[in-house]
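Reader: I'm new to reading protein models. Please take me through this one, a question at a time.

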Amino acid sequence: MPWLIPDAHTQAVEAAREIVLRRLDRSAAPRAALDELLERKEVDSRVASEVLDRLEAAGVIDDTAYAARLARTRFAEKGAARRAIAEELRRKGLGESDVAQALDQISAEDEDSAALALARKKLSATGHLPWEVRRRRTAAVLGRKGYSRDVTMRAITAAHAEESE
């Protein structure tokens, strides 16, 4: 029965779909990363687009949800600032609209309170050192997390004032 034997295009689509689904079994990924994976596996670009379009239409690939989840996780678990999260999302190939929607869930007040918590933690851990060293190290930690200079200085000032009381 020759009509039951899949043609070359159908076989290529199924192989690409398997590659993507195996990757998504491990963890969620944005469309750009999956496209890059298929490119590395030398899948034809038309086949890759077809597979990714189908999976996106089915809701298996959702860049907006991925960006929102990653932003929440990075902020809650690592204390990363919106700027650092935005940079990571862009590096992962997400569009500006997905990045903006993901960052909308983190307010300036949330960012300020997270910076203050990080500043408190670092200042308490370096209590035995001179003030200038403590301030410099705390500013470095907050800078690596992506906080702006203004947010960093406000957090250090507030944490130091609490500590002095």
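**Finding our way around**

Reader: Which helix does Ala158 lie in?
Author: First, a heads-up: this is a predicted model, where local features need pLDDT of at least 70 and side-chain atom pairs count only at pLDDT 80 or more, while totals for chains, interfaces and linings use all residues. Residues are numbered from 1 along each chain as its sequence is written, and side-chain values use heavy atoms, with hydrogens and water left out. Helices here are DSSP runs of H or I with at least four residues, strands are E runs of at least two, and both are numbered from the N terminus. On that count, Ala158 belongs to helix α9.

Reader: Is Ala158 buried, partly exposed or exposed, and what is its relative accessibility?
Author: Buried means under 20% relative accessible area, exposed means over 50%, and partly exposed is in between (1.4 Å probe, protein chains only). Ala158 counts as partly exposed, at 30%.

Reader: How far apart are the C-alpha atoms of Ala158 and Leu116?
Author: Along the chain, these two are 42 residues apart.

**The whole chain**

Reader: How many helices and how many strands are there in the chain?
Author: Reading along the sequence, you get the pattern α-α-α-α-α-α-α-α-α. The count is nine helices and zero strands.

Reader: What is the radius of gyration of the chain?
Author: This one is taken over C-alpha atoms, and the globule rule to hold it against is 2.2 Å times the number of residues to the power 0.38. For 165 residues the rule gives 15 Å, and the chain is well over that, so it is more spread out than a compact globule. Its C-alpha trace spans about 85 × 25 × 20 Å along the principal axes. The radius of gyration itself is 23 Å.

Reader: What share of the 165 residues count as buried?
Author: For the surface, accessible areas come from the Shrake-Rupley method with a 1.4 Å probe, and for residues, only the protein chains shown count as cover. The accessible surface of the chain is about 10,100 Å², with 50% of it belonging to carbon and sulfur atoms. Of the 165 residues, the buried share is 35%.

Reader: What length does α4 reach from its first C-alpha to its last?
Author: α4 covers residues 63-78, which makes 16 residues.

Reader: Which helices are included in what covers the buried residues of α4?
Author: The buried residues of α4 are Asp63, Tyr66, Ala67, Ala68, Leu70, Ala71 and Phe75. Contact means heavy atoms within 4.5 Å. The cover includes α2 (31-40), α5 (82-91), α6 (96-104) and α7 (108-125).

Reader: Which backbone oxygen lies 2.8 Å from a polar atom of the Arg134 side chain?
Author: Arg134 sits in helix α8 (residues 131-144) and counts as buried, at 7% relative accessibility. Leaving aside neighbours within four places in sequence, Arg134 is in contact with Thr126, Gly127 and Glu163, among others. The backbone oxygen in question belongs to Leu123.

Reader: What relative accessibility does Glu111 have?
Author: Glu111 is in helix α7. Beyond neighbours within four places in sequence, Glu111 is in contact with Phe75, Ala81, Arg82, Arg83 and Tyr147. Glu111 counts as buried, at 8%.

Reader: What is the phi of Glu42?
Author: Most residues other than glycine have a negative phi. Glu42 is in the loop between α2 and α3 (45-57), and is exposed with a relative accessible area of 73%. Although Glu42 is not a glycine, its phi is positive, about 60°.

Methods:
Expected span 1.5 Å × (residues − 1). Polar contact = N/O pair within 3.5 Å; in protein donor to acceptor, adjacent residues only side chain to side chain.
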